[in-house]
Structures are given as structure tokens and as C-alpha cells.
Amino acid sequence: MEFLSFFQNDYFLQIATMTCINIVIVLGLNLITGVTGQLSLGHAAFMSLGAYCSALLALKLNMPFWVCVSAGTLFAGIMGALLGIPILRLRGDYLAIATLGFGEIVRVVILNTPIAGRALGLYAIPQYTTFFIALLAVILGIIFMYRFENSRHGLALRSIREDEIAAEMMGVDIAKYKILAFAVGSAFAGLGGSLYAHFLTYINPNDFGFMKSIEQLCMLVLGGMGSITGAAAGAVVLSTVPELLRFASEYRMVTYGVVLIVMMIFRPQGLFGKIRVNV
Amino acid sequence: MIIKQLLNGLTVGSVYALIALGYTMVYGIIKLINFAHGDIYMIGAFLGLIAATVIMKNFVVVLVFAMMGCAILGVLVEKVAYKPLRNSSRISALISAIGASIIISNTVVLINGPQREAYPKLFPNITYNLGGISISLLQVFIIVISIVLMYGLYYIVHNTKMGIAMRAVSQNLNAARLMGINPDKIISFTFALGSSLAAAAGVLVGTYYTAIDPMMGLLFGLKAFVAAVLGGIGSIPGAMFGGIVLGLAEVLGVAFISPSFRDAIAFGILIFILIVKPTGLFGSTAKEKV
């Protein structure tokens, strides 16, 4: 046990664990935005749903870790599907705005829910997540995403990204696949969120605001939309570089903005991406 | 009581309408949600603060200074972040716009710090009593200034050469180019116009709420965007109408439901409108081209 606690306090291991959690979340966003071409600006909301669901199960019902994480993942996935149903008809900018609105609504609702601790958030969440668990989630997540993207379903999702109308003509059930993309992508965010809650042991509704969604989008854009390598690489770069450059931490958000604009102008496919997403 | 709430709603709503006009004009012309628009509104408020402390505490001076500064900033943002992407995919332009928004708000945080700043008093505290209903001079002024500015915009768009060119570009950019209109110039003009209205809104909000902060642009801007969507994006009367409706809905929601759900009300309206009538109340439907 001493061995483990030593590892849990280690600064680098903490960064590594957060990096793994971010990879899991960005993999989910990649499925929605990169593979299916549906720009989501509310990904952090699903992360918060997973985090709160998981943390509440652990705090109020003393559930074991695997139950909390599975429930958090499942809950975020179901909520993602539920969001997917009404906003199916929206495209491009409108979809982005609707997801943003959804994200804000989730934040405000959590902020006003007594059981979720309102603005104080939840604390003393049992710390279950270790680096190895987070790493395991990344490995399983990548394997799942790889197999999913290259299956029939993945092809259907990509056809929606390339040309929705043409895909529909070819018999792709657009509604079903968009909901599927939102459900699976959100479930990944929920998984990342519950790992996050059980790692930091403290969560607050304002941790999952618009800026968090932007941060995740930034990771995906930097790495390359539509590419699993890209999603992972972007998450690694933007989780570690700000830590290394702590002395310049005030400039972090401005740098994010510059990264977004410069990448879009000079390399819209991202560092590792092969495709350009057309929406 | 209810009339007082309606007046408050009208005041906030006319400010929303001013900002919404900027979104709707830019969207009408280049089909881009100018995410940085809310931050330009915030810069307007800060420029007003600078003008009031450095130059003089005169409302007209403050307003003109903020509007001119933001007009320049709006054009600059367009040139740097949007112009190079005019032929790229929509998603790229949108992400670049988000980038511009983050840069502006966080640059102000770097310079000023994230704390709130008290806004100078530009108006005497006079309250009128009309048959039991009290209305402050400031509220009257906000509503009047908004109406004047909106009428000015309406005049520009409908009665000047620039306005005709703007409408031509929004109809068909390439056809307008063939007619001898320089679309780049018109787009810059649109950004300047929209940004100066946002700056005016910033100064008005600063004087109304007596405090500003670098992050105020995000939420307020998004809500103004909701107003633009509500009225039908691309439609100028729609933006005005949407702003007023949103302001009223918000104030009434706060009064009768709960103050803590203020922001959720706006986004609830947004999602509802997007689902029920995505073109908004005044918007026209466009057939999908295959």
C-alpha cells in the first residue's frame, strides 16, 4: 500500500493520470465531432454528468468503484442519446449553439441541485482512480474506438460527416447514427468524468463549464479531428505542456485561442489528422 | 409590480437587441456566428471605463470613444481570424471565431485581472414617479439610446449606398462582386457597424449594473445570440424583437420562477426555438441545396 500512496502523491504521475483521463474524454468528442462531423460545444456537460453520478453513488450509497464508474458512463451515454434525439435536425452552427446551450443548462441545474452540493460541489469523494486504472481506460477506449470506427457503424458515421444528404440517399439511417454517435461519445465523456471525480476527490459545477468544453475541443483540433492518434496526441500535448510551462500559466487561455485560430488557418486537419472536416 | 418588471425587461431587452443586431448582420453577410461579438461588447464596456477615467466623464464622449474603438477592433478581428478562412469549411471558421473570443477575453484578464471593476456614474440618480410606477432616468435613456441606434442602423441599411451594398452581398456575394461591389470592404463595414452597436451596449450595461468584468462578454453575448436566433438570424427587425422578448422572458422568469435559473431560461428558449422553428420568428426558410 505504501508503494501505491507514494505513486499517488507523485507530481508526474498526477499529470500522467490527468492526461489519460483527458484522452478518454477527447476520444469521445472525436467520435461526435471528428468522425460524425457534429460540432459539440457541450462535451464537458457530459463529463460532469458522469462525474456527479459516479461521485454521488460513492458518497451516498457507498457503492464500489466499478459500479460508480459503470453507472457514470451509462448515465452520460443515456443523456447523450436523449440530447441527440431533439437536436437531430440541427446542423453545423445551430447544432454547436444548441449543445452549448445544453451544457449551460446542465451546469445551472447542477448548481441548483441540493444533493449535488450546489455551488460548493462535492468533496471527500473516495479516491479510487490510479494511474493504472486511467491507463487501462485509455487502452480499452482506444481499442473500442478503433474497432468501432472501422466497423459498419463507423463507416456510416463517416458518411454522415462527408455528406449527410448523400448518406441518406444511400440508405444510412441518419437519425439512428447521430444518436448513436452522441450516446457513445457522451459515454466516453462520462467515463472520463467519473475517473476525474474519483481522482481529484473534489468536483464543482464550474469545473465543467463552457471553457472546459473549449479546452477539449482545442485538444481535438490540435491533434486532428477524425483521427484516434490525433485525439490522443492533442490530449497529451495540451495536458502536459501547460504543466511544464507553469510559470506562464496566465497565458494559457490566450494560447488556446491562438492555437485554435492558427491551426484553422494553416493546418485545419490538425497535427495528426488526415482529413478535413467539412460541415 | 408587474409593470416595473416589464420596464426592467424592456431595458435589458433593448440592450440584448443592440448586441443581437451585430450577430444577425454578420450572419446575414458571411454566414458565420461571430463568437467574438460578446467579447467585443465587453471591450466596449472597458473602453468606456477608460474614456470616463482618462478623458472625461461625459456620456456622449464615453459612448463615442467606445464605439469607435470597438469598430476598429471588430474590423481587426475579421481581418485576422475570419478573412483567411472565408473559403474553408464552416466548422473551421466557427472554431477560429471561438479562438478569437478566448483571445480577447483573456487578454483583458491578463491586463486587468479577472476581478470586477466599478463603473463610473454617468447619469444622475433621478427616478420619476408616474402614477405609482417608478422609472429611473437611466432606464429611459437606455431604451431611448437603443431605439435611436437601431433606427440609425435601419436607416443605413435601407437608405444608403453602403446599406444597399450590404444587402446585395448578403444575397449573393459573388454576384455582388460582379456588380462592382468590393465584398471585403462591405464585410469590414458590417463588422465595424455591428461592433460599435455592441460597444454602445457595453457602456449602457456598465452604467446600468454599475460593474463590469472581463468575462461578462461570454454569457451576455451568448444570450444576445439567443435573441438573434429567436427573432430569426439574418433578420434585423427579428433581432430587435428577439432581444425585447428575451429580456422580458428573463426578467419575468427571475421574478416568478427563480433567480438562479436566469441563464437556463435563455438557453431553454434557445433549444426550444431551434427545435420548433429553427428559422426563428422572422426568419425565412431556405431550401437545402443538393
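Trainee: What percentage of the 290 residues of chain B count as buried?

Mentor: This is a predicted model, where local features need pLDDT of at least 70, side-chain atom pairs count only at pLDDT 80 or more, and totals for chains, interfaces and linings use all residues. Residues are numbered from 1 along each chain as its sequence is written, and side-chain values use heavy atoms, without hydrogens and water. Buried means under 20% relative accessible area, with a 1.4 Å probe and protein chains only. Of the 290 residues in chain B, the buried share is 58%.

Trainee: What is the radius of gyration of chain B?

Mentor: Chain B has 11 helices and 4 strands. The globule rule (2.2 Å times the number of residues to the power 0.38, for a radius over C-alpha atoms) gives 19 Å for 290 residues, and chain B is close to that, so it is as compact as a globular protein of that length; its radius of gyration is 19 Å.

Trainee: How far apart are the end C-alpha atoms of helix H10 (residues 236–256) of chain B?

Mentor: Helices are DSSP runs of H or I with at least four residues. The expected span is 1.5 Å times one less than the number of residues. For the 21 residues of H10 in chain B that should be 30 Å, which agrees with the distance between the end C-alpha atoms, 30 Å.

Trainee: Which helices are included in what covers the buried residues of H10(B)?

Mentor: The buried residues of H10(B) include Ile236(B), Leu246(B) and Glu250(B). Contact means heavy atoms within 4.5 Å. The cover includes chain B helices H1 (2–30), H5 (137–159), H9 (216–231) and H11 (262–276).

Definitions and conventions:
Chains lettered and ligands numbered in written order. Helix = DSSP H or I, 4+ residues; strand = E, 2+ residues; numbered from the N terminus. Buried < 20%, exposed > 50% of the residue type's maximum accessible area, 1.4 Å probe, protein only.
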